[in-house]
Amino acid sequence: MTRLSRRSLARRPRAFAAAVLSLAIAAPAFAGPGDKAIDDVRILSADDMQGRAPGTPGSEKARAYILSRFAQIGLSPLGDKFEQPFTYAKRDGSTVQGTNLVARIRGMRGGKAMVVSAHYDHLGVRNGEIYNGADDNASGVAGLLAVAEAFKAKPPKHDVILAVVDAEEGGLRGAKAFVAAPPVPLASIALDVNFDMLSKNAKNELYVSGTAPFPFLKPILVKVATTAPVTLKLGHDTDADGKDNNWTNQSDHYAFAEKGVPWVYFGVEDHPEYHKPTDDFATVPQDFFKRSVATVVQASLALERELDDVAKAAGR
Ligand SMILES: [Zn+2]
């Protein structure tokens, strides 16, 4: 189905635009999964979160919001609580406490589990400027929450573990803590599906990396691409276009990769706001972001459906 974007709507003659608008009210422009994703990004990247640097009150505030969303969605922890604290040393020698938030949606059948990960930390405040990190990575957390909603609505066969991790920007610390003390044995994790920067692209393009090292994932994702509401491109997982364009080690999935856990990573190409104070809610193209969230939901459902074959092909 073709849907009109905000931009094309603006270019139409007024009468036609009004007709389209009334249609849009009857059936919202992009009524995909994750309608709350826009609110999630707006709230997580607001100035009062102070850029969500690990160990700060802004980080605590972000966690409180994410936990309120966990409760709203009806998620359960694996143990007695969602919070999984860990400590790490910064380059200057100081010790920081980070906190991952981990939830599980029980599968109807059990067996292997799928992890969905996204980091919630960002760069904090530097020289008096707040680095809000709307794309990096409030957008990925919003995507993860949308995936959780989708699995609650349509229970998975396998356990789905939701890992909202801390301190990615300081060296994948939260993801490394997760795999160092995993809530289930690592051998039972068939796949990590990681989201980092889902919301900004002028060409309606979202990348999925991981099909080069794990070719058995390719048919699943190629099929998703045929119906995805964005252009879902495969790549950025070899050195073919130079080391910098290989995203294998550039986000939390790498912590899983290092432990031999297969992974896929969803994210956009770099943009002018990357790691700048301008990466805030005002610069998020909302229509693309909704399409991007719908795409990662669709892909996550497909990967979970095929998880037994994925595990078998990966020798797990
Ligand atoms: Zn970043």
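Q: How do the axes of α4 and α5 cross, and within what distance do they come?
A: Helix α4 (residues 57–73) and helix α5 (residues 134–153) have axes that come within 10 Å and cross at roughly 15 degrees. Axes here are lines fitted to C-alpha atoms, for helices over the stretch in contact, and angles run from 0 to 180 degrees between N-to-C directions. Helices (H or I, at least four residues) and strands (E, at least two) are DSSP runs, numbered from the N terminus.

Q: What does that make α4 and α5 relative to each other?
A: Roughly parallel, therefore. The cut-offs: angles under 35 degrees count as roughly parallel, over 145 as roughly antiparallel, 65 to 115 as roughly perpendicular and the rest as oblique.

Q: Which residues of α4 and α5 meet?
A: From α4, Ile66, Arg69 and Ile73; they meet Val141, Leu145, Ala148, Glu149 and Lys152 of α5. A contact means the C-beta atoms, placed from the backbone, lie within 7 Å. That set divides into 5 nonpolar, no polar and 3 charged residues. Nonpolar is Ala, Val, Leu, Ile, Met, Phe, Trp, Tyr, Cys and Pro, charged is Asp, Glu, Lys and Arg, and the others, Gly among them, are polar.

Q: Before I go on, what sort of model is this?
A: A predicted one: local features need pLDDT of at least 70, side-chain atom pairs count only at pLDDT 80 or more, and totals for chains, interfaces and linings use all residues. Numbering starts from 1 along each chain as its sequence is written.

Q: What's the mean pLDDT, then?
A: It is 90 for the protein, with 89% of residues reaching 70 or more; pLDDT is the predictor's confidence in each residue, from 0 to 100. Over residues 1–27 the pLDDT is below 50, and that stretch has 12 contacts in the model beyond near neighbours in sequence.

Q: OK, back to packing. What about α3 and α5, at what angle do they cross?
A: The axes of α3 (residues 37–44) and α5 cross at roughly 140 degrees and come within 9 Å. The two helices are therefore oblique to each other. On the α3 side the contact is made by Ala37, Asp40, Val41 and Leu44, and the α5 residues include Ala138, Val141, Ala142 and Leu145. By type, the α3–α5 contact has 9 nonpolar, 2 polar and 1 charged.

Q: Switching to the sheet: what's the strand order?
A: β1-β2-β6-β3-β7-β10-β8-β9, an open sheet of 8 strands with mixed pairing. Strands pair if DSSP finds at least two bridges between them. β1 (83–89) and β9 (231–234) are at the edges with a single partner strand each, so one side of each has no neighbour in the sheet. The twist averages 20 degrees from one strand to the next.

Q: Are β3 and β6 parallel or antiparallel?
A: Parallel, over 7 bridges between β3 (residues 113–119) and β6 (residues 159–165). Val116 has Leu162 in β6 as its bridge partner. α5 packs on the sheet too, touching β2, β3, β6 and β7 (189–195), and its direction makes about 150 degrees with that of β3.

Q: And how do β1 and β2 run?
A: Antiparallel, joined by 7 bridges. Tyr88 stands opposite Val96 in β2. Their hairpin has 5 residues between the strands, and Gly93 there takes a positive phi near 95 degrees.

Q: Last one: which peptide bond is cis?
A: The one from Asp136 to Asn137, with omega near 5 degrees. Asn137 sits in helix α5.

Note on methods: Two residues are in contact if their C-beta atoms, placed from the backbone, lie within 7 Å.
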